[in-house]
Amino acid sequence: MFQLYDIHGSIDTIVEETAVTVGVFDGVHRGHQQLLSQMLPTTHYPLPTLVVTLTAHPSFVLGRRQSEYWLDDPEEHLRLLFEAGAKYVAVLPFTREVAQLSACEMARLLYEKLNMRSLLLGYDSRFGSKQNDDFDRLPQLATELDFTLQRGEPFLVDGSPISSSRIRESLLKGTVEEMATLLGRPYSLTGMVLHGRGVGHTLGFPTANISLEETRKMLPKEGVYFVKVKGESFAPLESQACKAGREVKGMANLGIIPTFDIDKPSLEVHLIDFKGDLYGQTVMVEFVHRIRDIVRFGSTESLQNQLQEDLKACRQL
């Protein structure tokens, strides 16, 4: 049932006793990070941290949400959980059958299969079937099986708890600075650089066309953004700006290009002061600041003039 991982990759079993927390952990935001920091081995929590994360949003599986978009990709999700302090991650395929398990049935499963001896719940989290609701019996089960049961604290920003829903609202507004505050890092999209339509070269602003076909992540609000682009290949390439690290500043167009009647959304990034060939390589684009909306220009010259202004704004950032 559980797919087990440690920082080195997949594993077969977990033999030591563990402190467990369960949830979707979408985006592994600062609230999640605080919860996991509470579980780091101390005199209060002397056990290694094991995170049980779900492969699907329960609201999607149960039909309460029409689409399923995430705040992270699967590999990114695992990496972020380990960076936040997990020693082990157990991925639980969330199905309608799993959704029928009561809270006590799930806790007993964690106790038997994952050697759970401590269970930490988020400040507002519940799990288990609502139809077979025995969540309030968890303290009795904890006494029976001899595991500890704890509740985490909310992480507040501007007086309100951080949540994945709050971050999604920021995504829809394009307020990427707020997203970075809530996540604890800039929001990013990762994809392969493909040959595009050549529009950027026509305008004098060559771009890297980033494929988004493989991502499961929500896209920020369409617009022109100041971004930072990271990739393994940057350091040895020609750009002097890259030789000190693996990051390049860029100007990104996320969405349609109405001036050229291109109505299929894409992510096109002009890398500032960069020369090199990235075709076929995978890069990560971090969204730092939203510059403006996408608009239709009356001429190519008007668009070029605006791009010069956008580039100037990016350089100042």
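1. On a 1 Å grid over the protein atoms alone, a cavity is a set of points where a 1.4 Å probe fits but cannot get out, and a pocket is an open set with protein on both sides within 12 Å along at least five of seven lines; lining residues have an atom within 4 Å of a point. Grid points are joined across faces, edges and corners, and a volume is the space filled by probe spheres set on the points. By this rule there are 2 cavities of 30 Å³ or more.

2. This is a predicted model, in which local features need pLDDT of at least 70 and side-chain atom pairs count only at pLDDT 80 or more, while totals for chains, interfaces and linings use all residues. Residues are numbered from 1 along each chain as its sequence is written, and side-chain values use heavy atoms, with hydrogens and water left out.

3. The average pLDDT (the predictor's confidence in each residue, from 0 to 100) is 89, and 94% of the residues score at least 70. Over residues 236-245 the pLDDT is below 50; beyond near neighbours in sequence, this stretch has 16 contacts (heavy atoms within 4.5 Å) in the model.

4. The largest cavity holds about 320 Å³ of space. It is lined by 22 residues, with L203, N253, I257, L303 and L307 closest to its centre. Two or more lining residues come from each of α9 (199-203), β13 (247-257), β14 (262-271) and α10 (300-316); helices (H or I, at least four residues) and strands (E, at least two) are DSSP runs, numbered from the N terminus. The largest share, 4 residues, comes from β13. By class, this lining has 13 nonpolar, 6 polar and 3 charged residues, where Ala, Val, Leu, Ile, Met, Phe, Trp, Tyr, Cys and Pro count as nonpolar, Asp, Glu, Lys and Arg as charged, and the others, Gly among them, as polar.

5. The second largest cavity has a volume of about 30 Å³. Its lining consists of V193, A208, I210, V229, V269, L271, L278, V283 and V285, with two or more residues from each of β11 (208-210), β14 and β15. The class count is 9 nonpolar, no polar and no charged residues.

6. What is the volume of the largest pocket? The value is about 1400 Å³. Of the 44 residues in its lining, G23, V24, P58, S125 and R126 lie nearest the centre. The lining of this pocket comprises 18 nonpolar, 17 polar and 9 charged residues.

7. For the second largest pocket, the volume is about 590 Å³. D73, E75, T190, G191 and T282 are the closest to its centre among the 22 lining residues. The largest share of that lining, 5 residues, is from α3. Its classes are 6 nonpolar, 8 polar and 8 charged.

8. Not counting residues up to four places away in sequence, V52 touches residues including F2, V20, F25, A90 and L110.
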